[in-house]
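Here is a briefing on one protein chain. Have the sequence and the model open side by side as you read.

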Amino acid sequence: MTAREGKPRRSERLAPTIYDIARVAGVNPSTVSRALGKPGRISAKTEERIRDAAAKLNYQVNPMARALPTGRTNTIALIVADITNPMFFDVVRGVERAAVDKDFTLLLAESAESADNELRAAARLMRVADGIMLVTSRLDDEAIVRLAEQKPVVVVNREVAGVPGVVADVDYGIAEVIRHLVSLGHRSIAYIAGPTRSWMSERRWKSIEQRCEWSNVSAIRIEAGVPTVDGGRAAATDVLASGVTAAIAYNDLMAIGLMQEVIEAGLSIPTDLSIVGFDNIFGSDFTTPPLTTIMSPLRDAGALAFAQLLNDLDGKASFDVPLSDALVTRLIIRGSTGPAHQ
């Protein structure tokens, strides 16, 4: 017999089963099933012996097999608009930590700011996931409702009638930043908008516009579209041509791009232009000067979104968008804002 004949091919090697674990641990297979599927139903000593045997055999739970009797895979899907944007890091981290506590596995997908890509990803993930979270979705309301009719869906940074969602209170942070800029003598402020399909971009603009009106300050909207550093750079010409003394960007990446372009044009920040970002992403204080920004409670939003999804899976869905003290945006003042030039 050759070595090839004597050694099973990879496809022939069988993964360990609960029967193998039962044999090693010296218990019935049904006991193994209870120990691994619903911990706490047998004695701690027996459960520990079973888990030790499972670890020794390198046993892995098959989510598809587990789904047969329960209808669940204990898997959730998270679709984000741009995986390269650090804004999503804390959202993912918040979801992941909450999911692990409940023995759920997280699947991550990116739409690359495309509604078509997002819809295709959702269709694929619905085949294997118990539910889906859409973060800064680019889909229209009707498409999201149709998805929610098939499986539980939760939206983050978005409001859709009839679909559970999580939205931070942007008004608080925006009110703070307008007060801050007015106190520095600014009377003309630009808002650099995000993607045209972004619900949150429109929400932030309405809040800025309203609070500027209350403060008797001029507010203009500048379309950039691409929520990236390049998008912020592209908006710089229009910002400078508008004559404003301060600009608030849809997100920190755009604010950083605007800063880079303004500095390369030979101007000074904040002497010639005060700049504010949104989200307080990792690295927003690495710029020169450090970026003033409105902090979003991204990690808490992710954890709350998972709780919403779990409630939906358990038949206890809430369709009121929750706002709480834990989900309030707040201004972080750094060096990119200063007195308005005269």
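An open sheet of five parallel-paired strands runs in the order β2-β1-β3-β4-β5. Its edges are β2 (105-110) and β5 (165-166); each has a single partner strand, so one side of each is left without a neighbour in the sheet. The model is a predicted one.

- β5 pairs with strand β4 (residues 153-156) in the parallel sense, over two bridges.
- Within that pairing, Val156 stands opposite Val166 of β5.
- Asn157 sits in the loop between β4 and β5. Its phi is near 65 degrees, a positive value in a residue other than glycine.
- Is Asn157 buried or exposed? Asn157 is buried: its relative accessible area is 10%, and the cut-off for buried is under 20%.
- Ala112 belongs to the loop between β2 and α7 (115-125). Here too phi is positive in a residue other than glycine, near 55 degrees.
- Ala112 has a relative accessible area of 47%, so it counts as partly exposed. The cut-off for exposed is over 50%.

**Whole chain**

- The chain holds 13 helices and eleven strands.
- It has 342 residues, of which 47% count as buried.
- Take the contacts in the chain with a separation of 6 or more: residues 24 or more positions apart account for 69% of them.
- The accessible surface comes to about 16900 Å². Carbon and sulfur atoms hold 51% of that area.

- β9 (274-279) pairs with strand β10 (residues 292-295) in the parallel sense, over four bridges.
- Asp279 has Met295 in β10 as its bridge partner.
- On to β11 (residues 330-332): three bridges join this strand to β10, and the two run antiparallel.
- Thr293 has Ile332 in β11 as its bridge partner.
- As a general point, strands of a sheet pair through backbone hydrogen bonds, either parallel or antiparallel.

**Cis peptide bonds**

- Ile269 and Pro270 are joined by a cis peptide bond, with omega about 10 degrees. Pro270 lies in the loop between α12 and β9.
- Thr288 and Pro289 are also joined by a cis peptide bond, with omega about -5 degrees. Pro289 is in the loop between β9 and β10.

**Nonpolar cores**

- Which residues touch the most other members of the largest nonpolar core? They are Val177, Ile178, Ile189, Val239, Ile248, Leu258 and Ile275, out of 40 residues in that core.
- The elements that give two or more residues to this core are α9 (170-183), β6 (188-192), α10 (199-214), α11, β8 (246-249), α12 (252-264) and β9.
- α12 supplies the largest share, six residues.
- Apart from this core lies another, of 28 residues, including Ile76, Met87, Met133 and Leu313.
- Back to Ile275, one of the core residues named above. Leaving out residues up to four places away in sequence, Ile275 touches Ala247, Ala255, Leu258, Met259, Ile269, Leu291, Thr292, Ser336 and Thr337.

**Gly231 in helix α11**

- Gly231 is placed in helix α11 (residues 229-242).
- Its relative accessibility is 4%, so Gly231 counts as buried. The limit is under 20%.
- Which residues does Gly231 touch, not counting those up to four places away in sequence? The contacts are Ala224, Val226 and Met254.
- Gly231 and Ile256 are 25 residues apart in sequence. Their C-alpha to C-alpha distance is 9.8 Å.

**Cavities**

- How many cavities of 30 Å³ or more does a search of the whole structure find? It finds two.
- The largest cavity has a volume of about 100 Å³.
- Its lining has 14 residues. Nearest its centre lie Asn85, Met87, Thr136, Tyr250 and Asn251.
- α6 (87-101) and α10 are the elements that give two or more residues to this lining.
- In general, rolling a probe the size of a water molecule over the atoms shows where empty space is left.

Technical notes
Residues are numbered from 1 along each chain as its sequence is written. This is a predicted model: local features need pLDDT of at least 70, side-chain atom pairs count only at pLDDT 80 or more; totals for chains, interfaces and linings use all residues. Side-chain values use heavy atoms; hydrogens and water are left out. Buried means under 20% relative accessible area, exposed over 50%, partly exposed in between (1.4 Å probe, protein chains only). Contact means heavy atoms within 4.5 Å. A nonpolar core is a set of buried Ala, Val, Leu, Ile, Met, Phe, Trp, Tyr and Cys residues joined through side-chain atoms within 4.5 Å. Accessible areas come from the Shrake-Rupley method with a 1.4 Å probe; for residues, only the protein chains shown count as cover. Two strands pair if DSSP finds at least two bridges between them. On a 1 Å grid over the protein atoms alone, a cavity is a set of points where a 1.4 Å probe fits but cannot get out, and a pocket is an open set with protein on both sides within 12 Å along at least five of seven lines; lining residues have an atom within 4 Å of a point. Grid points are joined across faces, edges and corners, and a volume is the space filled by probe spheres set on the points.
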